[in-house]
Amino acid sequence: MAPFPACLHSAVLVLFSCDLCLVRATRPPAPVNVTVTHLKANSATVSWDVPEGDVIIGYAISQQRQDGQMQRFIREVNTTNRACVLWDLAEDADYIIQVQSISLHGESHASKRVHFRTLKETDRLPSNSSNQGDITVEGLDKQRQLQTGEIVIIVTVLLMWAAVIALFCRQYDIIKDNDSNNNKEKTKPPSEHSTPERPTGGLLRSKKKSLSVNIIEV
């Protein structure tokens with residue numbers, strides 16, 4: 001069997017090296033500064049930073065209990081968030097998470113493994129995490145406040161319309177009662193005790209007759 005030519009061997013090595021360079025160039029940089037805040041008994045917030053480089057369109061989070069009983073993979077695209085809330089966690093349990101960035105060319109390498117432990121129901125939040133903001137939780141709170149405000153506005157408008165309708169009905173009843181009373185007064189018969197009209201001129205005629213009689217006797 002003829003030995004493999006040295007020139008061909010060098011060409012293969014160059015092509016392989018170029019392919020590795022292209023693969024590395026297309027992958028986005030891995031997230032850094034992965035931290036876990038807002039620890040509770042059943043939830044926690046993970047946040048991270050993305051180095052400058054390719055345009056990031058999403059993220060992927062690998063969540064696993066340290067005892068190996070449960071593993072979860074969260075993937076979200078078309079977002080620029082740099083934080084995510086982890087729900088349905090076990091109380092007083094150890095977890096390990098890793099975060100990956102997603103770009104148009106693929107996914108980055110996983111970040112360094114971060115370990116955290118959830119709290120007990122009786123435990124309070126750590127003082128160092130109470131002052132830090134949570135983008136996702138704040139967004140949910142704002143959405144709930146907007147929904148509550150919309151409900152209050154709708155109820156207020158309905159009450160105002162009900163008051164206007166009630167006032168209109170009341171005024172209509174008053175006007176209707178006044179019209180009925182006026183009609184009754186117009187159709188009321190004349191009183192029986194009214195003094196009948198006497199024909200004029202009767203007394204004068206009688207007086208004239210009596211005077212004529214007295215004059216004839218004298």
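**Exercises: F116 and its surroundings**

Beyond its neighbours within four places in sequence, F116 is in contact (heavy atoms within 4.5 Å) with V36, L39, A44, L86, L89, A93, D94, Y95 and I97. The model is predicted: local features need pLDDT of at least 70, side-chain atom pairs count only at pLDDT 80 or more, and totals for chains, interfaces and linings use all residues. Residues are numbered from 1 along each chain as its sequence is written, and side-chain values use heavy atoms, without hydrogens and water.

**Exercise 1.** Classify the aromatic pair of Y95 and F116.

*Solution.* 
- Apply the criterion: ring centres of Phe, Tyr or Trp (its six-membered ring) within 6.5 Å; planes under 30 degrees apart are stacked, over 60 edge-to-face, the rest tilted.
- The centres of Y95 and F116 lie 5.6 Å apart, with 15° between the planes. The pair is stacked.
- Locate the partners: Y95 sits in strand β6 and F116 in strand β8, 21 residues apart. Strands are DSSP runs (E, at least two residues), numbered from the N terminus.

**Exercise 2.** Decide whether Y95 and F116 are buried or exposed.

*Solution.* 
- Set the cut-offs: buried is under 20% relative accessible area, exposed over 50%, partly exposed in between (1.4 Å probe, protein chains only).
- Y95 has 0%, so Y95 is buried.
- F116 has 4%, so F116 is buried too.

**Exercise 3.** Describe the open sheet that contains β2.

*Solution.* 
- Order the three strands: β1-β2-β5, with antiparallel pairing (at least two DSSP bridges between two strands).
- Find the edges: β1 and β5 each pair on one side only.
- Read the twist: it averages 20° from one strand to the next.
- V46 stands opposite C84 in β5.

Notes
Helices (H or I, at least four residues) and strands (E, at least two) are DSSP runs, numbered from the N terminus. Axes are lines fitted to C-alpha atoms, for helices over the stretch in contact, and angles run from 0 to 180 degrees between N-to-C directions.
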